[in-house]
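This report covers aromatic ring pairs and nonpolar cores.

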Amino acid sequence: MSEFQEFVLGSAFIGIGATIIMDIWALLLWKGFGVPSLNFGMVGRWIGHLPSGRLVHTNIAEAPPVPGEQTIGWTAHYAIGVLFAGVLILIWGLGWTETPTPLPALIIGLVTLTAPFLILQPGMGAGIAASKTPNPNVARLRSFSAHMSFGVGLYLAALLFSRLPLS
């Protein structure tokens with residue numbers, strides 16, 4: 001297997017695995033504590049309005065629905081997970097996928113907070129780092145928790161990937 005193929009396979013496997021861990025964490029928070037998760041339909045709606053030049057909304061829930069917004073949102077969620085896993089592998093190298101350590105994964109998990117804080121939340125009308133929400137610190141803590149679970153997921157998925165017989 002070429003290094004490029006290993007990079008693509010590793011990014012996909014680790015990114016999807018980490019995103020699944022993130023989603024399991026969100027499900028546990030919802031079922032165990034009633035903590036609502038991000039509505040990926042609203043993410044899909046936001047993405048669906050991008051081609052028309054609409055980057056920022058006052059309130060994404062009030063924007064016109066987009067056909068397939070749930071599918072768009074969930075697909076983007078997993079594609080972004082794969083992208084972030086690829087960034088991790090680009091920075092730390094394919095060697096990290098063979099002998100993963102937690103710190104790089106947790107660093108990437110922390111760095112990925114810039115996406116909701118600086119892109120998604122402002123674009124959907126919540127302001128930078130959820131500053132326009134009723135409880136910004138609660139929203140920030142939820143984002144932090146989600147993205148750190150993604151970081152843990154990167155590490156766990158990489159551990160599993162390192163045990164796959166690749167030839």
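## Aromatic pairs

The structure, a predicted model, holds 3 aromatic pairs (rings of Phe, Tyr and Trp, the last by its six-membered ring, with centres within 6.5 Å; planes under 30 degrees apart count as stacked, over 60 as edge-to-face and the rest as tilted). One of them joins Phe13 and Phe161, tilted, at 5.5 Å centre to centre with 40° between the planes. Phe13 lies in helix α1 (residues 3–33) and Phe161 in helix α7 (residues 136–162), so this pair ties together parts 148 residues apart in sequence. Helices are DSSP runs of H or I with at least four residues, numbered from the N terminus.

Phe161 is buried at 2% relative accessible area, while Phe13 is partly exposed at 29% (buried is under 20%, exposed over 50%, partly exposed in between; 1.4 Å probe, protein chains only). Phe40 and Trp74 also form a tilted pair, with 4.5 Å between centres and 50° between planes.

## Nonpolar cores

The largest nonpolar core has 16 residues, a core being a set of buried Ala, Val, Leu, Ile, Met, Phe, Trp, Tyr and Cys residues joined through side-chain atoms within 4.5 Å. Helix α7 supplies the largest share, 5 residues. Among the residues with the most contacts inside this core are Leu154 and Phe150. Leu154 touches residues including Ile14, Leu88 and Trp96, not counting residues up to four places away in sequence (contact: heavy atoms within 4.5 Å).

A second, separate core of 8 residues includes Trp46 and Leu120.

## Basis

Residues are numbered from 1 along each chain as its sequence is written. In this predicted model local features need pLDDT of at least 70 and side-chain atom pairs pLDDT 80 or more, while totals for chains, interfaces and linings use all residues; side-chain values use heavy atoms, leaving out hydrogens and water.

Terms used:
Helices (H or I, at least four residues) and strands (E, at least two) are DSSP runs, numbered from the N terminus.
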